[in-house]
Amino acid sequence: MVPHQLLLQKLHNFHLNDSTVRWFASYLMHFTQAVTDSQGGKSAWLPTTSAVPQGSVIGPLLFLLFINDLPDILVYSKHMMFADDLQMYSSFLPADFTQGLKNFNRNVNAVSAWARANGLSLNRAKTQVMLMVSDIFLERFDISILPRIILKGMALPYSTVVKSLGVWIQPSLDSETRQSGGETSPSRVIFTSPLSPSTNQTDTQGTH
């Protein structure tokens, strides 16, 4: 969830004046939410202290402002961001491969730490890592024993196909994908991870 107090502090950091920030505070802090169970029971209505209202016009803008400082921590990688999707990528010479992966992993750890500090989390189930190396490199190394990228204490497998903004990317940079699941033999690195959808949108059933 997006903590309201932290969001308001970040709005201050954008040099918005006090009256504007108070307006946002009034907008955010007058929402309430309740939870319904599978039997139709409903909890009491309680004020929300985090998340931006789902379905609102201004909600996506507030979320983008909230994560605007995320790129500041990316030291070893270039990146692309679209809404709550983050894609990092890095390139290095074969002789620097092991050190390059270590540096890349430092960025992954930094993003994970930033997410925790900001009340968000990386969706590990949808996080993918792809190696894109030459065929000659693959002939010299067994990809199954290469160092892995670690996220939340778990080694991420190297993917053979990654979906980026609706486009399927393969290690060979072939945009086509087999109909039988899209699996191909890796032939060439990208890290893509969405922030968990449940962490940046409220589960509000209604508001008063």
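**Pocket lining and nonpolar core of the predicted model**

The lining of the largest pocket comprises six nonpolar, six polar and three charged residues (Ala, Val, Leu, Ile, Met, Phe, Trp, Tyr, Cys and Pro count as nonpolar, Asp, Glu, Lys and Arg as charged, and the others, Gly among them, as polar). The structure is a predicted model, in which local features need pLDDT of at least 70 and side-chain atom pairs count only at pLDDT 80 or more, while totals for chains, interfaces and linings use all residues. Residues are numbered from 1 along each chain as its sequence is written, and side-chain values use heavy atoms, with hydrogens and water left out.

Of the 15 residues that line this pocket, D85, K163, S164, L165 and T192 lie nearest its centre. Two or more lining residues come from each of β3 (78-82), β4, β8 (162-164) and β10 (190-194). A pocket is an open set of points on a 1 Å grid over the protein atoms alone, where a 1.4 Å probe fits, with protein on both sides within 12 Å along at least five of seven lines; lining residues have an atom within 4 Å of a point.

The largest nonpolar core contains 37 residues, and L7, L62, M88 and L120 have the most contacts inside it. Such a core is a set of buried Ala, Val, Leu, Ile, Met, Phe, Trp, Tyr and Cys residues joined through side-chain atoms within 4.5 Å, where buried means under 20% relative accessible area (1.4 Å probe, protein chains only). The largest share of this core, seven residues, is supplied by α4. Of the 208 residues of the protein, 39% count as buried.

Conventions
Buried < 20%, exposed > 50% of the residue type's maximum accessible area, 1.4 Å probe, protein only. Helix = DSSP H or I, 4+ residues; strand = E, 2+ residues; numbered from the N terminus.
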